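Come along through my entries.

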Amino acid sequence: MRNPYAAAYVAGAVGTGALGVLVAVRNASLGHPPPYSARNIARHVLSRLLGRKLSRREAADWAFALRAGYGPLLGMGWGLARRRLPGWPLVASGALLGGGVLGFERMAFPLFQATAAESTWTRAEHAWLFAQTALFGVVTEATMRWLTRQAVPRSGTAVPTSGQAPG
């Protein structure tokens with residue numbers, strides 16, 4: 001993909017899609033959605049903003065909208081930050097992204113009163129948050145690498161994908 005911003009946006013969307021698969025497993029494992037599920041966050045934050053409690057359907061719709069915007073925007077931010085990490089292995093780079101998302105969420109949840117206090121979460125809920133941010137990070141980074149790789153023609157010489165002539 002020639003446009004690095006588009007690649008970052010798509011990579012964040014793919015990371016979010018992978019997370020969607022994990023969410024079903026997470027909820028089944030816990031027996032309920034955790035306090036930081038997108039639906040619970042939508043319900044807490046938007047109910048306060050709108051001055052009324054959201055229905056389950058409204059919360060689910062807003063949760064989809066939150067995920068659809070949040071993941072790709074994180075991907076775009078990562079696309080800018082990752083330029084400073086040349087040569088890092090995939091897992092290390094993805095773990096850095098996941099750790100950054102984890103740190104951001106741990107700061108933002110209480111700031112926006114988006115979830116119940118972390119002290120009320122179970123160990124399993126904490127572990128699943130770590131797992132889902134790690135998965136998002138690694139899948140987003142892997143997708144970014146795949147989308148921005150250089151095409152290699154049959155002669156074996158690399159062709160730049162940025163639109164610039166080789167130099």
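Before anything else, a note to myself on terms: helices here are DSSP runs of H or I with at least four residues, numbered from the N terminus. I also keep in mind that this is a predicted model.

Entry 1: I looked up Val 10 and found it in helix 1, which spans residues 4–30. Is Val 10 buried, exposed or partly exposed? Its relative accessible area is 31%, so I wrote it down as partly exposed. Val 10 also belongs to a nonpolar patch on the surface, together with Met 1, Tyr 9 and Val 14. I noted about 320 Å² of accessible area for the four together.

**Entry 2: helix 1 and helix 3.** Staying with helix 1, I turned to its meeting with helix 3. The two axes come within 7 Å and cross at roughly 130 degrees. I recorded a right-handed crossing where helix 1 passes helix 3.

**Entry 3: helix 3 and helix 4.** At what angle do helix 3 and helix 4 pack? I read about 125 degrees between helix 3 (residues 56–81) and helix 4 (residues 90–111), with the axes 12 Å apart. Helix 3 is therefore oblique to helix 4. The crossing of helix 3 past helix 4 is right-handed.

**Entry 4: a backbone angle.** My last stop was Gln 113, in the loop between helix 4 and helix 5 (123–148). Gln 113 is not a glycine, yet I found a positive phi of about 50 degrees there.

Terms used. Residues numbered from 1 in each chain as written. Predicted model: local features only at pLDDT ≥ 70, side-chain atom pairs only at ≥ 80, totals over all residues. Heavy atoms only, no water. Patch = residues over 30% accessible without salt bridge, like charges linked within 9 Å, V, L, I, M, F, W, Y side chains within 5 Å. Areas by Shrake-Rupley, 256 points an atom, 1.4 Å probe, with all protein chains shown as cover. Salt bridge = Lys/Arg side-chain N within 4 Å of Asp/Glu carboxyl O. Helix = DSSP H or I, 4+ residues; strand = E, 2+ residues; numbered from the N terminus. Buried < 20%, exposed > 50% of the residue type's maximum accessible area, 1.4 Å probe, protein only. Axes fitted to C-alpha atoms, helices over the stretch in contact; angles between N-to-C directions. Parallel < 35°, antiparallel > 145°, perpendicular 65-115°, else oblique. Left-handed = near helix turned anticlockwise from the far one by under 90°.
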